[in-house]
There are 2 protein chains.
Amino acid sequence: MPPRAVNARIRLLEAARDVIRAKGFAATTVDDLCRQAGVTKGAFFHHFKSKEELGVAAADFWSETTSALFAAAPYHQPDDPFDRLIAYLQFRKELLAGDLAEFTCLVGTMAQEVFDSAPAIREACHASISGHAMTLVPDIRAAMDARGVSGFTPESLALHTQAVLQGAFILAKAGNSVTLAQDSVDHLIRYVSMVFSQAGKEKK
Amino acid sequence: MPPRAVNARIRLLEAARDVIRAKGFAATTVDDLCRQAGVTKGAFFHHFKSKEELGVAAADFWSETTSALFAAAPYHQPDDPFDRLIAYLQFRKELLAGDLAEFTCLVGTMAQEVFDSAPAIREACHASISGHAMTLVPDIRAAMDARGVSGFTPESLALHTQAVLQGAFILAKAGNSVTLAQDSVDHLIRYVSMVFSQAGKEKK
DNA sequence: TTGCCAACATACCAACCGGTTGGTATTTTT
DNA sequence: AAAAATACCAACCGGTTGGTATGTTGGCAA
C-alpha cells in the first residue's frame with residue numbers, strides 16, 4: 001500500500017468523476033483532469049496507459065463508490081419489500097438536490113457519448129448501471145410474489161427505474177431545472193405503487 | 001432560392017444529425033461533418049459561423065423534421081384521446097428498430113453533453129424536447145378530464161414520457177440492446193394504462 | 001456589359017491534445 | 001547497503017482542430 005501513489009490515482013478518478021459529469025468525456029482533456037487533481041501528465045500516464053483506460057477505471061470507481069453509498073443508505077430499514085422499494089425511490093428523489101453536475105450519473109453520461117467509439121468504457125458503464133439495478137431485484141421479486149403481481153420480470157422493472165432516472169437527468173440538464181427530474185420520479189413512484197396495487201392509498 | 005446553397009447547408013445538417021448521434025457532439029469534428037456532407041470547410045463556415053452555431057441549427061433542424069414525422073404519423077387516428085395517447089406510445093416503441101444511432105434522439109444526446117458549456121445548444125435542445133412533449137398535452141388533458149384523473153398535471157406526464165424514452169435510449173446504448181429500451185416503453189404504456197384506470201383490461 | 005453578392009473552394013495557421021521521453025525521488029525487496 | 005521497483009515530474013512532439021484569409025464561380029439586376 002504505497003503512501004502517495006494511491007493518492008494521485010484516486011485524485012485523478014475523483015477529478016474524472018467531477019469534470020466528466022460537467023463537461024462530458026470527449027470534452028474533458030487529460031490536462032483538465034491533471035489540473036483538477038493537482039498532478040502532472042506524467043503521473044496520469046503512469047497510472048492509466050490511455051485516456052480510454054481512465055474512462056474504464058472511472059466507471060469502475062463509480063460502481064464502487066455508489067454501491068457503498070446505497071448499501072449504507074437508510075432505505076433498507078422497512079420490513080416489507082415493497083416499502084423498501086418505495087423508500088429506495090424516495091431516496092433517489094431526495095438525492096436530486098444542489099448542482100446538476102453533482103447528482104447526475106457519470107456512467108449514464110459516458111455511455112451516451114462513447115457507446116459507439118469506446119466499447120470498453122461502454123461495457124463498464126453497462127456493468128455499473130445493471131449491477132446497481134440488480135440490487136433491487138430481490139425486493140421487487142419478493143413484492144411481486146407477496147402481492148401476486150405478474151406480467152413483467154423483476155429485472156425489467158429494476159432496469160426501468162434506472163431508465164426513468166437517466167431520462168430525468170437528461171430533462172433536467174436540457175431544461176436546466178431540477179424540478180423536471182423530481183416530477184418524473186414522482187410518476188415512477190406512482191407507477192410502482194399502482195403496479196403493486198397500492199393505488200388506493202392516495203396521498204392527501 | 002439558390003440552387004446549390006441550400007443543398008450544402010441541409011447536407012451539413014443531415015450529416016450533423018447522423019454523425020453526432022453516433023459519436024457525440026464534442027467528438028464530432030468539423031472535418032467529419034464536411035466529409036460526410038461532401039463539402040469543404042469553407043462551405044461549413046459560410047453557413048455557420050462556428051461549430052456551436054451548427055449545434056443550435058442542428059437542434060432546430062431536428063425539431064422541424066421530427067415534428068413533421070409525428071404530424072404525419074398514424075397514431076392520431078383513434079377517436080378517444082386516451083387511445084391516441086396509447087397509440088403514440090406504441091408508435092414510439094415501433095420506432096425502436098434497427099441501428100442504435102438511427103433511432104436515438106439527437107437533442108437528448110447533445111443536451112447531455114453541452115448543458116454546462118454551450119447554453120445556446122442546451123436551450124435549443126430543451127425547446128425541441130418540450131415542444132414535442134407539449135403536442136401530447138391536449139390529449140392527456142382530455143383523457144384526464146373524461147376519466148376524472150388527477151394528482152398531476154398533463155404537462156408533467158407528457159414530459160415523463162419523454163424522460164422514459166431518453167432513459168431507454170441510454171440503457172440501450174449502455175447495454176447495446178434494443179430490447180432494454182422496448183421493455184422500458186412497455187412499463188410506460190402499463191403506467192399510462194393504469195393511471196387512466198384501464199388496469200382492468202389486462203392483456204391476455 | 002458592368003457591378004455585385006451569395007455560395008462556395010483552397011490554403012493556411014496557431015492553439016491544443018493525447019501521448020512519450022528521460023530523468024529523479026522515494027519505497028520496497030534482497 | 002545495494003538493487004530493484006514504484007511513483008512521479010518537466011519538457012517535449014507530431015498530429016489534429018476550430019477557425020481564417022484569400023480567392024473563384026455563377027447568377028442576376030441595372
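Select Arg147(B) and Asp80(B): the two form a salt bridge, with their closest N and O atoms 3.0 Å apart. (A salt bridge here is a side-chain nitrogen of Lys or Arg within 4 Å of a carboxyl oxygen of Asp or Glu.) Arg147(B) lies in helix α9 (residues 137-147) of chain B and Asp80(B) in the loop between α4 and α5 (81-95), so the pair ties together parts that are 67 residues apart in sequence. Helices are DSSP runs of H or I with at least four residues, strands are runs of E with at least two, and both are numbered from the N terminus. Arg147(B) is partly exposed, with a relative accessible area of 31%, and Asp80(B) counts as partly exposed at 26%. (Buried means under 20% relative accessible area, exposed over 50%, and partly exposed in between, with a 1.4 Å probe and protein chains only.)

A word on what is on your screen. This is a predicted model, in which local features need pLDDT of at least 70 and side-chain atom pairs count only at pLDDT 80 or more, while totals for chains, interfaces and linings use all residues. Residues are numbered from 1 along each chain as its sequence is written, chains are lettered from A and ligands numbered from 1 in the order in which they are written, and side-chain values use heavy atoms, with hydrogens and water left out.

**More salt bridges**

Side chains of opposite charge can pair when their charged atoms come close. Over all chains, a search of the whole structure finds 20 salt bridges. Stay in chain B and pick Arg122(B) with Glu123(B), whose closest N and O atoms are 2.8 Å apart. Arg122(B) counts as buried at 11% relative accessibility, whereas Glu123(B) is partly exposed at 38%.

Now move to chain A and select Lys23(A) and Asp32(A), a salt bridge with closest N and O atoms 2.9 Å apart. Lys23(A) is partly exposed, with a relative accessible area of 30%, and Asp32(A) is buried at 14%. Next, highlight Arg17(A), Asp18(A) and Arg21(A), which are linked in a network of salt bridges.

**The whole of chain A**

Show chain A as a cartoon and you will find 11 helices and zero strands. Its C-alpha trace spans about 60 × 40 × 30 Å along its principal axes. Of the 204 residues of chain A, 55% count as buried. Among the contacts in chain A with a separation of 6 or more, 66% are between residues 24 or more positions apart; contact means heavy atoms within 4.5 Å.

For one stop on a helix, click Ala68(A) in α4 (residues 51-71) of chain A. At 46% relative accessibility, Ala68(A) counts as partly exposed.

**Where the chains meet**

Display both chains together. How many residues does each chain bring to the contact? Chain A gives 42 residues and chain B gives 42 residues. The two chains bury about 3900 Å² between them, 67% of it on carbon and sulfur atoms. (Buried area is the accessible area, with a 1.4 Å probe, that two parts lose on being put together, summed over both.) In chain A, select Gln112(A), Phe115(A) and His187(A): these lose the most area to chain B, together 18% of what that side buries.

Between chain A and chain B the count of salt bridges is zero. Across this interface there are 16 residue pairs in polar contact, with both residues at pLDDT 80 or more. (A polar contact is a pair of N or O atoms within 3.5 Å; within protein, one must be able to donate a hydrogen and the other to accept it, and residues adjacent in sequence count only if both atoms are side-chain atoms.) Colour α10(A) next, since this helix gives the most to the side of chain A that touches chain B, with 14 residues.

**The axis**

A rotation of 180° with 0.0 Å of shift along its axis superposes chain A on chain B, with an RMSD of 0.0 Å. That is the relation of a two-fold axis. (Copies are superposed by least squares on the C-alpha atoms of residues with pLDDT of at least 70 in both.) Zoom in on Gly167(A), whose C-alpha comes closest to the rotation axis of the residues of chain A, at 1.9 Å.

**Two loop stops**

Find Asn176(A), in the loop between α10 and α11 of chain A. Its phi is positive, about 50°, although Asn176(A) is not a glycine. Most residues other than glycine have a negative phi.

Finish at Ser50(B), in the loop between α3 (41-47) and α4 (51-71) of chain B. Leaving aside neighbours within four places in sequence, Ser50(B) is in contact with Phe44(B) and Phe45(B).
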